[in-house]
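Hello,

I am handing this structure over to you. Please have it open while you read; my notes follow below.

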Amino acid sequence: MPNKLTLSAIMVGLSMSLAACQQDQAASNQSPAKVEQAAPPSAQDARDFIESAQAEMEKLQFPASQAAWAYATYINQDTAAVSAYLSEKLSVRTAELAKEAAKFNHVEVDANTRRQLDLLLNSFVLAPPSAPEKSERLSQISSELDGMYGKGEYCRKDGECWDLGQMTAKMARSRDHELLLEIWQGWRQISVPMKPLYEEMVTLANEGAKELGFADTSELWRGKYDMPAKDFSAELDRTWEQVKPFYEALHCHVRAKLGDYYGTDVVPQDKPIPAHLLGNMWAQSWGNIYDLVKPEQKMQVPDVTAALKKHGYDEIKMVKQAESFFTSLGFEPLPETFWERSQFVKPQDRDVICHASAWDLDDKDDLRIKMCIQKTGEEFNVIHHELGHNFYQRAYKNQPLLYRGSANDGFHEAIGDTIALSITPKYLKQIGLINEIPDESNDLGMLLQVALDKIAFVPFGLMVDQWRWKVFSGEVTPENYNQAWWELREKYQGVMAPVARDANAFDPGAKYHVPGNTPYTRYFLAHILQFQFHKALCEIAGDQGPVHRCSIYGSKEAGKALNDMLEMGMSKPWQEALQTMTGSNQMDATAILDYFAPLKTWLDQQNQGRQCGW
Ligand SMILES: [Zn+2]
């Protein structure tokens with residue numbers, strides 16, 4: 001997950017991330033799926049197929065979700081085996097059904113059936129080729145890559161070894177640039193042997209995508225967004241251009257402050273920022289170096305952790321409070337089973353996965369969260385974020401199975417974060433956690449912290465798949481994998497490798513989502529959309545103040561607008577869902593500029609006389 005506020009793996013039943021798609025014309029014209037010669041399938045066949053496919057997947061999903069829950073909350077050999085068995089069964093069958101859906105590529109069907117067929121067809125991340133030895137090899141490579149990342153560690157000359165968790169903590173806190181460089185380089189050794197495997201995987205997955213009627217895997221991935229693949233790329237670029245001036249101002253200030261601290265020989269003031277100094281292994285979010293770049297004046301910021309303690313909040317009370325945020329908007333309270341079955345506190349007697357996540361086991365009412373709650377302000381935010389997922393899941397539960405998901409894959413995370421953006425001093429005062437709201441002159445610190453976490457992330461969220469799309473389409477060839485990666489990082493982020501990279505380096509592989517084959521554009525979308533959602537809901541709530549101080553707590557009008565969008569699930573193109581809530585069918589990053597307006601003014605003052613850009 002990209003940053004602190006999005007600490008959650010969303011688990012929608014066990015459904016694969018089935019995102020929306022109206023497939024490209026070009027793609028459906030050349031479907032090589034074998035259609036039986038004698039009687040071409042009819043529209044009725046297509047409807048029957050969709051109905052039985054969903055019924056079958058539904059049956060497989062429930063036990064697979066239960067097993068996954070049992071594993072995550074009680075890790076042992078048996079729960080691991082049962083969960084792996086059932087999820088394999090579900091994904092194998094879903095893959096077969098997705099291939100069957102391709103049979104109907106040329107059949108004229110009603111719009112609703114077409115949408116469901118496309119969703120099924122698009123459910124692959126890596127489409128397996130039909131030759132069994134090839135599909136087996138593809139799944140072998142994916143789990144090998146995953147394993148190489150998971151087992152990755154760096155051993156120092158003296159024999160001491162660090163895993164990623166230990167190195168992440170050191171990257172966050174250490175200010176010793178030589179140590180940071182050692183760790184940065186050390187971690188990137190794990191991905192060197194991934195390269196030949198990755199290359200082979202790309203070839204196999206492209207073969208699978210072609211069999212489904214796509215030009216390549218890049219087109220399959222970009223085809224999930226209710227617009228032609230090439231238009232979607234252009235849409236992302238347009239949105240990024242809106243954020244760019246603000247990002248450049250943030251970059252300029254951060255580089256200058258890093259230059260003050262480390263010296264301009266370490267941080268040259270006319271080049272991209274060396275990637276090891278930003279407090280994060282991938283330089284993707286910069287909140288950890290807040291103390292190096294913060295304003296000089298003292299900021300009065302509510303200490304939520306202390307307030308929770310003072311008011312006797314335990315873990316359950318924190319969750320109850322978050323629930324009341326949603327009921328104040330008009331949502332029904334969570335069911336009794338939520339309180340009985342969720343994991344709120346880390347159990348003492350067994351291993352569990354603590355990574356926060358929100359679950360919907362039966363697509364009806366069996367909602368749960370799984371966390372190991374710490375009694376801190378940060379976790380208070382995470383709880384609100386996770387419940388955002390739960391309320392979304394419940395809102396679309398009456399949709400057909402293929403429509404149970406967020407409007408596109410960015411929406412789910414965006415909703416959780418939107419709710420978290422409403423945890424402002426105003427809200428904290430309303431619920432009695434603090435007595436007074438600090439005046440606006442204190443907002444700068446909070447805004448800078450959020451910008452370092454979220455706006456610094458935006459170009460990274462964009463470039464990861466820019467690289468992958470080019471790799472899958474063949475525009476970037478294996479000899480250029482690493483070079484192309486760094487060209488994109490420099491171009492979008494203004495971040496550079498701190499040392500020349502070896503010819504055999506494969507730095508993309510040192511980021512989980514690449515060997516893990518998790519599409520990344522969803523995080524870019526979520527970071528843009530959450531500010532647009534927040535602004536729209538604040539307007540509906542009639543909040544008069546600056547948007548960064550707004551909370552929609554207590555607004556039934558905002559709650560209704562939110563619910564109207566959530567309950568659509570994936571039944572309509574995401575642009576329609578967006579329009580339902582915001583009144584516009586276009587993504588618009590100008591909400592980010594509104595939110596951070598006071599910070600931008602301050603940054604521009606700081607940057608006077610500095611030479612910005614790279
Ligand atoms: Zn989340």
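**Cavities**

The largest cavity has a volume of about 50 Å³. A cavity here is a set of points, on a 1 Å grid over the protein atoms alone, where a 1.4 Å probe fits but cannot get out. Points are joined across faces, edges and corners, and the volume is the space filled by probe spheres set on them. By this rule there are four cavities of 30 Å³ or more.

Some background first. This is a predicted model, in which local features need pLDDT of at least 70, side-chain atom pairs count only at pLDDT 80 or more, and totals for chains, interfaces and linings use all residues. Residues are numbered from 1 along each chain as its sequence is written, and side-chain values use heavy atoms, with hydrogens and water left out.

Back to the largest cavity. W221, K224, Y225, D409, D465, W469, P519, T521 and R522 line it; lining residues have an atom within 4 Å of a point. Four of them are nonpolar, one is polar and four are charged. Ala, Val, Leu, Ile, Met, Phe, Trp, Tyr, Cys and Pro count as nonpolar, Asp, Glu, Lys and Arg as charged, and the others, Gly among them, as polar. Helices α19 (457–473) and α21 (521–540) each supply at least two lining residues. Helices (H or I, at least four residues) and strands (E, at least two) are DSSP runs, numbered from the N terminus.

**A hairpin**

Strands β5 (residues 357–360) and β6 (residues 367–370) run antiparallel, joined by four bridges. Two strands pair if DSSP finds at least two bridges between them. S357 has K370 as its bridge partner. Six residues lie between the strands, and D363 in this hairpin takes a positive phi near 55°. Both faces of β5 are covered: S357 and W359 on one side, A358 and D360 on the other, are all buried. Buried means under 20% relative accessible area, exposed over 50%, partly exposed in between (1.4 Å probe, protein chains only).

**Salt bridges**

The structure holds 29 salt bridges. Each is a side-chain nitrogen of Lys or Arg within 4 Å of a carboxyl oxygen of Asp or Glu.

- R175 and D291 meet at 2.9 Å, N to O. The pair links distant parts of the chain, 116 residues apart. D291 is partly exposed, at 43%.
- D604 pairs with K600, the closest N and O atoms being 3.0 Å apart. They are four residues apart in helix α25 (residues 597–606), so about one helical turn separates them.

Over to you.

Definitions and conventions:
1 Å grid on protein atoms, 1.4 Å probe; cavity = no way out; pocket = protein on both sides within 12 Å on 5 of 7 lines; lining within 4 Å.
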